[in-house]
Amino acid sequence: MTNIQNYINGQYVNPIQDNWIDNSCPANGEVYGQIPNSSKEDVETAYIAAKTAFPSWSQTTLDERSRILIKISELLEANLQRFAEAESKDNGKPISLAKAVDIPRAASNFRFFGNAITQFASESHESIGQNAINFTLRQPIGVVGCISPWNLPLYLFSWKIAPAIASGNCVVAKPSEVTPMTAFLLGEICNEAGLPKGVLNIVHGLGSSTGQAIVEHPDIKAISFTGGTETGAHIARVAAPMFKKLSLELGGKNPNIIFADCDYDDMLETTVRSSFANQGQICLCGSRTFVEASIYETFKSDFVEKVKALKVGHPSDEHTNIGALVSKPHLKKVMQYIDIAKEENGTILCGGNKVTVEGYENGYYLEPTVIEVPTDECRVNQEEIFGPIVTIMPFNTEDEVLEMANKVKYGLSATLWTNNLKRTMRMSNQLQAGIVWVNTWMMRDLRTPFGGVKASGVGREGGFEALRFFTEAKNVCIKY
Ligand code: TXE
């Protein structure tokens with residue numbers, strides 16, 4: 001059993017009420033540890049630690065903050081194998097993915113914001129003819145809350161924490177109760193890197209109790225949240241009367257739009273990856289595939305052939321392409337959409353069944369599934385499934401596909417495959433999304449703004465946008 005504790009004021013501690021929840025392993029369905037189900041009192045203790053640390057941390061030089069963040073990054077890199085194994089076991093993702101993407105990216109987040117804070121400038125404006133100058137102070141907010149989901153556990157946790165502490169805030173953070181392990185291990189690394197106690201506090205527990213207590217806390221002035229759209233709406237309702245600053249990164253139902261003039265082989269390979277990476281449990285995964293009619297039949301057979309070749313297996317096997325889904329309830333939710341697709345006259349081109357992996361019969365495995373849909377308006381094409389299921393359908397014109405691409409409540413990302421420059425610009429301008437990839441997918445430059453429109457969220461993370469979110473702008477006007 002691997003039991004974990006909260007990390008408060010630089011120390012590992014048990015929850016005050018001695019209340020615990022089970023943590024299970026998606027690869028075999030077994031409970032392998034317990035995690036604190038933290039109460040309001042635990043959140044309050046974390047808040048006090050953060051509040052106490054704030055005056056000193058907010059006055060710590062940028063050089064020193066930068067040095068500590070970069071040290072955290074280096075220690076994560078040095079512990080890559082250990083963190084990757086913990087992430088894979090906790091989440092069900094293939095170890096190869098945790099090693100190549102999740103943990104390196106978490107390390108990059110700390111390094112990036114460690115450097116970015118030394119380059120973060122504010123504006124000044126001279127009021128010509130009025131003998132006055134304005135300049136903007138960028139002041140840390142104080143104690144901020146960071147709440148993250150289970151799909152990319154350390155990757156998204158660090159994506160919030162790194163800019164929050166780089167800009168001088170102190171943090172009360174809650175990782176998902178479904179995948180708490182790497183956040184737990186992070187505490188050790190922070191101590192070793194010399195992060196002063198209280199700057200980062202990590203409380204574990206359920207969203208409805210621990211998460212809710214963070215959002216309800218009147219003196220936690222900003223909340224950065226990534227998770228489901230319904231949870232995001234709930235958090236916005238709770239936070240609104242307290243006028244909290246909010247950054248909400250929510251769900252997606254991202255279109256993959258494939259024109260006949262694209263580089264076919266590159267498109268095909270990338271579309272398999274963008275559909276099924278991390279078992280389709282990435283908010284950026286393409287889940288609706290629109291293919292120009294002239295290449296539709298060719299694409300359909302090539303795509304299905306490649307998807308059938310993906311290896312579903314135990315996450316610790318280096319050859320596994322598709323690991324386990326994160327939890328039993330999530331597997332159930334995802335599988336319901338296969339029945340819904342059938343009811344809506346969708347055709348299952350491949351997949352659709354639970355997979356039994358020998359020796360791990362109780363794991364949450366599902367075949368990668370491709371569904372040909374008769375209309376873009378069916379539920380499988382409109383609702384976020386967040387699993388290894390994609391739809392495909394043909395289109396005839398640019399206007400038609402643009403209308404279908406935009407006809408969902410979400411607007412996170414869109415991927416476009418074409419070599420036509422004018423079309424690229426027309427479509428990029430009109431797609432309702434926070435991120436448009438052209439002839440690539442999930443190529444991330446950490447300086448770029450990241451976030452969605454419509455039900456995919458409010459606000460932007462990434463680069464200086466994140467540092468702006470975690471600071472208050474104060475204009476000072478001096479008459480001389
Ligand atoms: O996420 P939740 P769930 C989507 C995906 C998935 C659905 C639900 O479609 O099927 O959301 O997933 C915390 N106050 N995404 O239910 O509940 C919770 O403890 C404060 C998309 O697992 O939104 C966890 O730490 N916090 C997404 C975090 O919120 C609360 C990634 C996210 O959990 C809370 C994950 C509350 N009242 C799921 N309730 C993405 N955008 O990448 C829950 N939490």
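Predicted model: local features only at pLDDT ≥ 70, side-chain atom pairs only at ≥ 80, totals over all residues.

Reader: Which residues make up domain 1 and domain 2?

Author: Domain 1 comprises 6-250 + 456-479, and domain 2 comprises 255-445; such bounds come from an automatic or database domain assignment. Taken over C-alpha atoms, the centres of domain 1 and domain 2 are 30 Å apart.

Reader: What area is buried between domain 1 and domain 2?

Author: The size of an interface is often given as the accessible area lost when the parts come together. Here about 2200 Å² is buried between domain 1 and domain 2, with carbon and sulfur atoms giving 55%; buried area is the accessible area (1.4 Å probe) that two parts lose on being put together, summed over both. Ala27, Trp150 and Ser456 supply 24% of the area that domain 1 buries against domain 2, more than any other three residues. In terms of contact (heavy atoms within 4.5 Å), 28 residues of domain 1 meet 30 residues of domain 2.

Reader: How many salt bridges are there between domain 1 and domain 2?

Author: Side chains of opposite charge can pair when their charged atoms come close. A salt bridge is a side-chain nitrogen of Lys or Arg within 4 Å of a carboxyl oxygen of Asp or Glu. The count between domain 1 and domain 2 is one, whereas the structure holds 19 salt bridges.

Reader: Where are glutamate 398 and arginine 423, and are they buried or exposed?

Author: Glutamate 398 and arginine 423 form a salt bridge, their closest N and O atoms being 3.4 Å apart. Glutamate 398 is in helix H13 (residues 398-406) and arginine 423 in helix H14 (residues 421-430), 25 residues apart. Helices (H or I, at least four residues) and strands (E, at least two) are DSSP runs, numbered from the N terminus. Buried means under 20% relative accessible area, exposed over 50%, and partly exposed in between (1.4 Å probe, protein chains only). Glutamate 398 counts as buried because its relative accessibility is 17%, and arginine 423 is buried because its value is 13%. A network of salt bridges links Asp261, Glu398, Arg423 and Arg426.

Reader: What is the case for aspartate 445 and arginine 447?

Author: Their side chains meet in a salt bridge (2.6 Å, N to O). Aspartate 445 is partly exposed at 30% relative accessibility, while arginine 447 is exposed, with a relative accessible area of 61%.

Reader: Which residues of helix H8 are buried?

Author: An α-helix has 3.6 residues a turn, so residues three or four places apart point the same way. In helix H8 (residues 229-239), the buried residues are Thr229, Gly232, Ile235, Val238 and Ala239. Their cover includes helix H7 (207-216), strand E10 (222-226), strand E11 (245-249) and strand E19 (410-411).

Technical notes. Residues numbered from 1 in each chain as written. Heavy atoms only, no water.
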